[in-house]
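User: I would like to go through this model one question at a time, with the cut-off behind each term stated where it is used.

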Amino acid sequence: MGLLRSLCLWHPEEPEVREVDQEYISKLKRESETNGTRVSTNDILTSHLLQQSRFGYGYMSINLRNRGLGANESNAGNYVHRVHLAPENFLCPEGVRKSLSGWNHWNSP
């Protein structure tokens, strides 16, 4: 009975909101372009959050629309897949981008 009472009285934790330093993100994007790899804000945040969380493994959800699988913006529903990331993949934003590169070949004719 005590467990049931605990579950019924459970309240979720307050969400934690953090602001992203857009100037710093822009700086990292410019630096990546000069190094030959164009990274997105999502690549940067995924790399940072997985590193800071000290995960041994992570994944990033990607939208499968317009990736050559027949789903595009005119289709209803969610078309999502996960890209699995080992620590060497999320050590830097460029590693996250490289992990996604296998999905980009479907855009080619």
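User: Which residues does Ser-47 touch, not counting residues up to four places away in sequence?

Analyst: This is a predicted model, in which local features need pLDDT of at least 70 and side-chain atom pairs count only at pLDDT 80 or more, while totals for chains, interfaces and linings use all residues. Residues are numbered from 1 along each chain as its sequence is written, and side-chain values use heavy atoms, with hydrogens and water left out. Ser-47 belongs to helix α3, where helices (H or I, at least four residues) and strands (E, at least two) are DSSP runs numbered from the N terminus. Taking contact to mean heavy atoms within 4.5 Å, and setting aside residues up to four places away in sequence, Ser-47 touches Phe-90, Leu-91, Cys-92, Pro-93 and Val-96.

User: Is Ser-47 buried or exposed?

Analyst: The classes rest on relative accessible area, with buried meaning under 20%, exposed over 50% and partly exposed in between (1.4 Å probe, protein chains only). The relative accessible area of Ser-47 is 1%, so this residue counts as buried.

User: With which side chain does the side chain of Asp-43 make a polar contact?

Analyst: Asp-43 also sits in helix α3, and because its relative accessibility is 0% it counts as buried. Leaving aside neighbours within four places in sequence, Asp-43 is in contact with Met-60, Pro-93, Val-96, Arg-97 and Leu-100. A polar contact is a pair of N or O atoms within 3.5 Å; within protein, one must be able to donate a hydrogen and the other to accept it, and residues adjacent in sequence count only if both atoms are side-chain atoms. For the side chain of Asp-43 such a pair lies at 2.7 Å, and the partner is the side chain of Arg-97.

User: In what order do the elements of the protein chain run from the N terminus on?

Analyst: The protein chain has five helices and two strands. Read from the N terminus on, these elements follow the order α-α-α-β-β-α-α.

User: How are α2 and α3 oriented to each other?

Analyst: The axes of helix α2 (residues 22-34) and helix α3 (residues 41-52) come within 10 Å and cross at roughly 105 degrees, the axes being lines fitted to C-alpha atoms, for helices over the stretch in contact, with angles from 0 to 180 degrees between N-to-C directions. Angles under 35 degrees count as roughly parallel, over 145 as roughly antiparallel, 65 to 115 as roughly perpendicular and the rest as oblique. The orientation of α2 and α3 is therefore roughly perpendicular.

User: How many salt bridges does the structure hold?

Analyst: A salt bridge is a side-chain nitrogen of Lys or Arg within 4 Å of a carboxyl oxygen of Asp or Glu. One of them joins Arg-18 and Glu-16 (2.4 Å, N to O), and both of these residues are exposed. Another links Glu-33 with Arg-38, whose closest N and O atoms are 3.4 Å apart. The number of salt bridges in the structure is four.

User: How far apart are the closest N and O atoms of Lys-27 and Glu-31?

Analyst: Lys-27 and Glu-31 both lie in helix α2, four residues apart, about one turn of the helix. Lys-27 counts as partly exposed because its relative accessibility is 38%, and Glu-31 likewise counts as partly exposed, at 34%. In their salt bridge the closest N and O atoms are separated by 3.2 Å.

User: What is the phi of Arg-54?

Analyst: Arg-54 is found in the loop between α3 and β1 (58-63), and it is exposed, with a relative accessible area of 74%. Most residues other than glycine have a negative phi. Although Arg-54 is not a glycine, its phi is positive, at about 60 degrees.
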